[in-house]
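The sequence and structure are shown below.

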Amino acid sequence: MIKNLGKKGRSILSKLFHICILKSNIPEDWKASNIYPIPKKEGWEVRLHNTRPIVLMKTIRKCFTKIITNRLSLICKDHQILRGPNFAGLPGESTQEPIQLLNNICEEAREEGKELWILLQDTAKAFDTVNLEMLDKALQRIKIPENINRLIIALFKNRQFRTITAFGLTDAITAGDGIDQGETISPLLWRIFYDLLLCKIQENKALGYELECSWIPNTNLPEKRSIKTRNTTIAYMDDTTWIARSKKNMQQILDDAREFYMANDSQINSLKSVLIVINGKKDLK
């Protein structure tokens, strides 16, 4: 219906969006949404953590936030604003790069006999743990314009939710912190929110695993070239792979990450955590 609006309808919609940006706020009706709890593979057993709640929002709101998302994403991509090694949330990114990078690291460790520690972690209900005050500071960190910053925070303040059940809709409740799973801008906001931790760990030169590649560009000459890169983490949205060259090194990374998680009341899904050790010491306990 939105795509097939006439000229007058598009003009009204454009003016409404323009007012939202000028006022750094959205209509109250846009803050009322329904939650659909999608069952996971496990049985329901009357436990909310066995569902994957998706928020169903007003389509006009999603159209508006999609425009904001597209413009912010292009700016972040073109100017390389988000420097943390996260491969999701921006245009043109996919799982191909992180998978290939991790595979190369594992192959080099095996061929060179180097010790390598890899820990795969999943953040439980990541979007729900985003504190709005911390998100505000994260947006200020990358110098998002103040009026857009206020607008983004306003999107998630005083939200009203009702849950879809077999017996109809529940009474409305007011949400606290967190960003919505069904919101078009949420993946980008998580990328911005999580970038601080990834940058802090990646910029610590004492951490991580060093990958080195050497080659001879001209077989007729003895000249040899090499390139080195240091990796501490590979992230794809809320799935994080920590990379270290020893147990002690990995523990330092996890200590830094724990501070971030504790400050934001985030929790790691321990059932999905996987530790891989290549060429570990035999006396390791």
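## Surface and overall form

The model is a predicted one, in which local features need pLDDT of at least 70 and side-chain atom pairs count only at pLDDT 80 or more, while totals for chains, interfaces and linings use all residues. Residues are numbered from 1 along each chain as its sequence is written, and side-chain values use heavy atoms, with hydrogens and water left out.

Seven helices and twelve strands make up the secondary structure; these are DSSP runs numbered from the N terminus (helices: H or I, at least four residues; strands: E, at least two). Along the principal axes, the C-alpha atoms fill a box of roughly 70 × 50 × 30 Å. Of the 285 residues, 38% are buried, where buried means under 20% relative accessible area, exposed over 50%, and partly exposed in between (1.4 Å probe, protein chains only). For contacts (heavy atoms within 4.5 Å) between residues at least 6 apart in sequence, 68% join residues at least 24 apart.

## Charge and the negative patch

The protein carries 43 positive and 33 negative side chains, and the centres of the two sets lie 5 Å apart. In this count Lys and Arg are positive and Asp and Glu negative, with His and the chain ends not counted; each charge is placed at NZ of Lys, CZ of Arg, CG of Asp or CD of Glu.

Glu 107, Glu 111, Glu 112, Glu 210 and Glu 212 form a negative surface patch. Patch members have over 30% relative accessible area and no salt bridge, with like charges joined within 9 Å and nonpolar side chains (Val, Leu, Ile, Met, Phe, Trp, Tyr) within 5 Å. Helix α3 (96-112) and strand β7 (209-215) each supply at least two residues of the patch, and α3 gives the most, with three. Glu 107 lies in helix α3 and is partly exposed, at 38% relative accessibility.

## Salt bridges

Twelve salt bridges are found in the whole structure, each a side-chain nitrogen of Lys or Arg within 4 Å of a carboxyl oxygen of Asp or Glu. One of them joins Arg 61 and Asp 180 (3.8 Å, N to O). Because Arg 61 belongs to helix α2 (residues 59-78) and Asp 180 to the loop between β6 (173-174) and α6 (186-202), this pair ties together parts 119 residues apart in sequence. Both Arg 61 and Asp 180 are buried.

Asp 180 also meets Arg 159 in a salt bridge (2.4 Å, N to O). Arg 159 lies in the loop between α5 (146-155) and β4 (160-165), so its pairing with Asp 180 ties together parts 21 residues apart in sequence. Within helix α7 (residues 247-263), Asp 255 and Arg 258 are three residues apart, about one turn of the helix, and their closest N and O atoms are 2.8 Å apart in a salt bridge. Asp 255 is partly exposed, at 32% relative accessible area, and Arg 258 is partly exposed, at 40%. Elsewhere, salt bridges with shared partners join Arg 61, Arg 159, Asp 180 and Glu 183 into one network.

## A buried leucine

Leu 139, in helix α4 (residues 132-141), is buried, with a relative accessible area of 0%. Apart from its neighbours within four places in sequence, Leu 139 contacts Ile 144, Asn 149, Ile 152, Ile 153, Leu 189 and Ile 192.

Conventions: Areas by Shrake-Rupley, 256 points an atom, 1.4 Å probe, with all protein chains shown as cover.
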